[in-house]
Amino acid sequence: MTISTIPPDRNTSLSSMRYDPRFQVETRSDDFDLTSGLRLIRRRMVMIAAIVTLFMAIAAMMVSGLKPSFHAESRLIIHTPLATKLGPEDSGRNDPLDAASETERLLSRSIAERVIRDLRLDQWPEFNPALQESSLIDSIRAMLRGLVDREKPLSPVRNSIEPIIPKYYKALRVWRDGQSDVIQIGFDASDPQLAASVPNRLISIYLEERKDGLRGRLDAAEEWVLQRIAEQKDRAAAARDAVDAYQKTMDVVSNDDDQVEQIKSIMELGERQTKIEQSRTEARATISALEAADDLSLALQNMVIPDSIGAAQRELRSQEQDLERLLEIYGDSAEVVVDMRAKILKSRTDLSLAVDRYLQSIRSKLAALDHEDDAVRSALAVAHEKRARSALAQTELARLQRMSDKEQTALDKLEEQRRGLAAQAMLPGAELEVLSPAAVPLAPQGRGRLFYLVGALLASISIAVTAAFVVEMLDNSVRSFDQMAGMPRIAPAGFIPRLKRKDRGDPSMLFGYIQDGMFDEAIRSVITSLKQSNGGKLPNSIVVTSAHSGEGKSLVARSLAIDLAANGIPVLLVDGDLRHGNLDSFFKSELQQGLNEFLCGQAGIRDIIDHHPSGIDFIPAGNATLHRRARMTDAADIVSMAASLGQVVIFDSAPVLASADTMHLTALAERTLVVVKWGKTSRRAVEFCLHQLRTARNAELCVAINNVNPKQHAMYNFSDSELFVKSLRKYHEFT
């Protein structure tokens, strides 16, 4: 930016010069520009400080409400009672204790309720929400919840244990130490005595609950077993009665001696039947042999015969031998031979008669044997039938006795189980080995308030810096001509520093008290830039506009007019904002007509021009309701009239994006000055505004950045960031 201390002369020719902004030094993506980060923090220091202050205030309220928390811890191991392992396996408990299951038992609802009642946790405000005072944060949270949920939340009941249970579980922690069976019980409370009392009391209640629970299970099991025993007794008695009744009904012999006698009788009858059969066979063989033999003496030689027959047979044989000796001595006709033959014949007759009698006796014996065989067979059949019936009865009786024995065995087993349950009921539910009981803690756990405040401060700073970076990344406003370097056909007209809010609407400050300040130097620099862009001469007509309203175009237009008039250059200031112009109020004019009336043909040029004591002629906007009937082409008459009088016409036009009238005025004027508000106007709006103005007139457009904060501008990494710093130093040295 060029700051001139010599008032410009309208007719003085200046060499044509252009502001060629330098681009920022680009860094690679993998380079870290620490200077840019520090500049960003400096620029957003107010925002960062506000965010840090807000978060620290919230954190201070939360930290101030923190109370010291004491932590007490107990370590223990739960064993299965040793006595349960010494008894029979089927008479008691043989399931091993599971550490995970016992941990869940320690967290059971019944134990929690007993601990709360025994230690009176409902009288502690940290566990009973009904006793807690509502804090500011809780009130805000309730108010926000009420905006979302219309249902009114239920207030905590003072005598109810339900709100205390979650608080209790939140303060209690029961866990296993790694993979071992060691169980740790910890509790947090604001009172050290209470923190130590809860784990110890919980252990004792756990033992009682475990024993009572086991006793209840054993009682239920014993009742079930007793019921089963009663039923089993009935079944065993019924089985025994069935055995006795069957034995009586079927006359079953249950004595082993009687069974042996039955078997012995059957064997004797069998042997008797065998002997009879042998005797019968021998008798039949003897009868057959005697009946079929031609020579009885020969047949009798191989048989067992009575002694009488044997004696007769021997006598016959002796006589035959004597006959053979006699024949050797005597002849056949000898008397001795004849007598011997007569004796032999008689002996044979006697032998035959004896054999016949023997056969008759054998036949009688055979008949007796047949009769005896029939009797033995009948007796044997009866014995076999009796034995068969006895065997079937014995089998059924054995089956009934087995059933009776089975029922009795089941009864004995149930009795044994009942005795085992009675013995187990006398044992504890579990055995505890307390490695370290909970002791009263000497110091609170966790960090102090200073630590949390420092942590909150660091977190707040991080959040604030992150928010600053996000805001900076989202910031698309124009702050330097480097950001407009890519826009074609523009001429930078310079920077205009910020005025205080109270000085912007005070005409006396513009007319007298800031003539020698930086603002006046910036206005002179803008005038110089307009001359340079116009071939070294001041333009006869200038349109001052902006993209949006509120960017300071009216202030710049009036300041240009005041500066030119102060240097003796005739100026005609025209309020070109037909709808929202307020030039008459600024100059305190009493004219009733203005530019609207002239463009509508209701007034002449001389009727709408007013003169200010500062030497400025001005035309107000007039009646805003006439702007729809205005003919903007008639504004050329104002430019022609001013040129004939040697005046410079400055149009304070409406914003480009708010009114199309500016397009017509731009086509009439020699130069157009676009005012951009520093840190507010977006680059997209500037691009669209310049594009619209170039369509109206293909000429170079001058751009001035207004409302610049010199100190903040110096914190950016633009090529023109140091211009204001140097100017400020020179200005302060001069003043």
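Helices here are DSSP runs of H or I with at least four residues, strands are runs of E with at least two, and both are numbered from the N terminus. With that in hand, let's look around.

This is a predicted model, where local features need pLDDT of at least 70, side-chain atom pairs count only at pLDDT 80 or more, and totals for chains, interfaces and linings use all residues. Residues are numbered from 1 along each chain as its sequence is written, and side-chain values use heavy atoms, with hydrogens and water left out.

**The whole chain**

The chain holds 25 helices and 12 strands. Of its 735 residues, 40% are buried, a word that stands for under 20% relative accessible area with a 1.4 Å probe, counting protein chains only. The accessible surface is about 41,700 Å², and carbon and sulfur atoms own 53% of that; such areas come from the Shrake-Rupley method with a 1.4 Å probe. Now for contacts, meaning heavy atoms within 4.5 Å. Take those between residues at least 6 apart in sequence: 81% of them join residues at least 24 apart.

**One serine**

You'll find S533 in helix α16, which covers residues 518–533. Is S533 buried or exposed? S533 has a relative accessible area of 14%, so it counts as buried. If you skip neighbours within four places in sequence, S533 touches R671, E700 and C702.

**Two helix pairs**

Axes are lines fitted to C-alpha atoms, for helices over the stretch in contact, and angles between N-to-C directions run from 0 to 180 degrees.

| Helix pair | Axes | Angle |
|---|---|---|
| α22 (residues 661–668) and α23 (residues 683–696) | within 8 Å | roughly 50° |
| α2 (residues 45–64) and α13 (residues 449–474) | 8 Å apart | about 150° |

The angle makes α22 oblique to α23, while α2 is roughly antiparallel to α13. Angles under 35 degrees count as roughly parallel, over 145 as roughly antiparallel, 65 to 115 as roughly perpendicular, and the rest as oblique.

The α22 and α23 crossing is right-handed, and the crossing of α2 and α13 is right-handed too. That label means the near helix is turned clockwise from the far one by less than a right angle.

Which residues make the contact of α22 with α23? From α22 come T662, M663, T666 and A667, and from α23 come Q692, L693, T695 and A696. They divide into 4 nonpolar, 4 polar and no charged. In the contact of α2 with α13, the residues divide into 20 nonpolar, 2 polar and 1 charged. Here Ala, Val, Leu, Ile, Met, Phe, Trp, Tyr, Cys and Pro count as nonpolar, Asp, Glu, Lys and Arg as charged, and the others, Gly among them, as polar.

Methods: Buried means under 20% relative accessible area, exposed over 50%, partly exposed in between (1.4 Å probe, protein chains only).
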